[in-house]
Amino acid sequence: MSSPQIRSLSWGLMTVEGSSAPYKDCKVWPGGSRTWDWRETGTDHRPGVQPADLEEVLKKGVDLLVIGRGMSEALQVPSTTLDFVQQKGVEVRVLQTEKAVAEYNKLAIQGAKVGGVFHSTC
């Protein structure tokens with residue numbers, strides 16, 4: 001199964017291949033995507049992305065995870081979260097969201113088992 005490409009990104013709006021509805025923030029993995037609802041895990045810009053935000057994507061068998069921190073990189077990614085991903089044997093890249101989407105799409109086109117979580121505003 002291939003990872004779906006992110007077809008468009010603008011402030012507060014992302015569209016993903018295979019999804020009929022747009023997302024504000026999203027999770028993607030080989031074969032699927034869904035909204036990333038921060039309320040599920042109590043995530044906020046600080047302290048930032050929690051291991052619980054990433055578990056679902058990591059369980060999909062990804063080799064590499066891309067995290068988009070927002071257009072102005074307001075979303076923090078604590079070192080404990082990065083350690084959690086690396087302990088699972090998954091490479092992680094943390095970038096500003098536009099750069100993260102470009103990196104994710106490049107890897108998806110190459111057929112990598114890539115997943116991601118992306119914040120599309122601040």
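Strand E7, made up of residues 114-119, is mostly covered, with six of its six residues buried, where buried means under 20% relative accessible area with a 1.4 Å probe and protein chains only. The model is predicted, so that local features need pLDDT of at least 70 and side-chain atom pairs count only at pLDDT 80 or more, while totals for chains, interfaces and linings use all residues. Residues are numbered from 1 along each chain as its sequence is written, and side-chain values use heavy atoms, with hydrogens and water left out.

**Exercise 1.** Work out which residues are buried on each side of E7.

*Solution.* Begin with one side, where Val-114, Gly-116 and Phe-118 are buried. Then turn to the other, where Gly-115, Val-117 and His-119 are buried.

**Exercise 2.** Find how E7 is joined to E3 and to E5.

*Solution.* Strands are DSSP runs of E with at least two residues, and two of them pair if DSSP finds at least two bridges between them. E3 (residues 25-29) pairs with E7 in the antiparallel sense over four bridges, and Cys-26 stands opposite Phe-118. E5 and E7 run parallel and are joined by five bridges, with Val-117 as the bridge partner of Ile-67.

**Exercise 3.** Identify residues with the most contacts inside the largest nonpolar core.

*Solution.* Such a core is a set of buried Ala, Val, Leu, Ile, Met, Phe, Trp, Tyr and Cys residues joined through side-chain atoms within 4.5 Å. The largest has 17 residues, and those with the most contacts inside it include Leu-58, Leu-65 and Ile-67.

Definitions and conventions. Buried means under 20% relative accessible area, exposed over 50%, partly exposed in between (1.4 Å probe, protein chains only).
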